[in-house]
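Colleague: Could you walk me through reading this one, beginning with the fold and ending at the DNA?

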2 protein chains.
Amino acid sequence: MPSPLEKARQAPDSMKGRILSAARKLFGEYGFHGVTTRMIAKAVGIDISTLYYHWGEKQDLYEAVLTDLNEDIRLKLREIEKLVHGKPLDVRLEVAIDVMSDYLFHNPEASNLMLFSYFVKTRTRSDLDTRMTEHLANIAVAMGLALDKTHVPPQANARVLAVWNSIINFASGENYFRPMLSLDRDAYLEVVKETLKFILIPAFTRKDS
Amino acid sequence: MPSPLEKARQAPDSMKGRILSAARKLFGEYGFHGVTTRMIAKAVGIDISTLYYHWGEKQDLYEAVLTDLNEDIRLKLREIEKLVHGKPLDVRLEVAIDVMSDYLFHNPEASNLMLFSYFVKTRTRSDLDTRMTEHLANIAVAMGLALDKTHVPPQANARVLAVWNSIINFASGENYFRPMLSLDRDAYLEVVKETLKFILIPAFTRKDS
DNA sequence: ACTTGTTTCCAACATTTGATGGAGAACCAT
DNA sequence: ATGGTTCTCCATCAAATGTTGGAAACAAGT
């Protein structure tokens, strides 16, 4: 039987789905403590008790948002993996950067939510996510940094993290960085992709000396 | 005449200074909305009205924290610049990575605060910071990506941002990433430095083809 | 029409939170 | 000691916030 979250994912027009998506946007902008249940309800155009009826406590809703996001990421990574299967590493990186950047720039709340869960202590801490660990392991294997999903050396994970973070930072920081660079959205996205490739590809493709 | 903040910086044992430092730690952990004035007062061991007496509104205190941090960063960057003056780029990067990593790992709230100001919409938005722009310009010149502080092309700024973000991410994410890598603090710090050098140095030192 | 179950809203609640007024300490120069 | 200034706390306020009970609206089967 599907969980409540899965149902909401499959029926984005249902009340549950609409609340989830509004919550996701808001939590992505302001963080957990920066959003009130009333803000979410107002964004959907409903009373707050309707929100509580569907999702229960604020904390529960927030966790549903994170799980929802993680599922999206998982699918996106799988899509990329299919796209680049068998290609050499520099091409894999290039495609991964392009596709992930496009995705994150069209879902600006996604990268913010990730940053929040990495960096912010929630006053009421929920248990750690193992999902990120899985993503990392998958990427490490895909990049040839580890042979086996179950045995990824710390060094390999660290390198994957460096790549991963570089990408989400530019997406997350758009509102802050773009004015500093005086670029419009399209130009910013292009510069970001180019910069990421400039930074990341040489590290992984250089001939060892 | 020195501003209130400068006085507090110069007298860290004064009440003003103690409040500032407690606030800085807490805002760094939980973000603006995640911290209450009562939490800060409690951390210092004083009544909240004493806090308001010294710093006024929460928002003002928060901005003082950010300004304080920015001053630290500025000094740190200048220190690095002196340290590597005249050295070739790969050495500059190496030293910068080492020194910045050490600094950020011993001031864990610093990188978090930076991430907050880059990524989080505060519900009550204060005006944009120009200080970050200055830091970027300085680094860009120091790295030879621009000839003149006042004319840094977007591409150069983007590259500096990529470097900058990579470093603060690992510091900020320690609580989240370190358990994933199963490393103790020292080992984590070492792996981070190594990874940063692995990622960043080749990009800037390769011979153009 | 009547029952049964689901969904939505109104009203209210107890806490939490940002913020202040005013009374007393503490300090300090005279 | 006295007067003035600076600092600290207690008590309190109004607004915001998380959360719930219960009544109405709605839907669907019989």
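Modeller: Chain A has 11 helices and zero strands, where helices (H or I, at least four residues) and strands (E, at least two) are DSSP runs numbered from the N terminus. The radius of gyration of chain A, taken over C-alpha atoms, is 19 Å, close to the 17 Å that the globule rule (2.2 Å times the number of residues to the power 0.38) gives for 209 residues, so chain A is as compact as a globular protein of that length. This is a predicted model: local features need pLDDT of at least 70, side-chain atom pairs count only at pLDDT 80 or more, and totals for chains, interfaces and linings use all residues. Residues are numbered from 1 along each chain as its sequence is written, chains are lettered from A and ligands numbered from 1 in the order in which they are written, and side-chain values use heavy atoms, with hydrogens and water left out.

Colleague: What share of the 209 residues in chain A is buried?

Modeller: Buried means under 20% relative accessible area (1.4 Å probe, protein chains only). In chain A that applies to 52% of the residues.

Colleague: And which residues come nearest to DNA strand C?

Modeller: A residue is near a strand if one of its heavy atoms lies within 4 Å of it. Of the 18 residues around DNA strand C, the nearest are Ser49(A), His54(A), Arg38(B), Tyr52(B) and Lys58(B).

Colleague: Which part of DNA strand C does the side chain of Ser49(A) reach?

Modeller: A base nitrogen, 2.6 Å from a side-chain N or O atom of Ser49(A).

Notes
Polar contact = N/O pair within 3.5 Å; in protein donor to acceptor, adjacent residues only side chain to side chain. Buried < 20%, exposed > 50% of the residue type's maximum accessible area, 1.4 Å probe, protein only.
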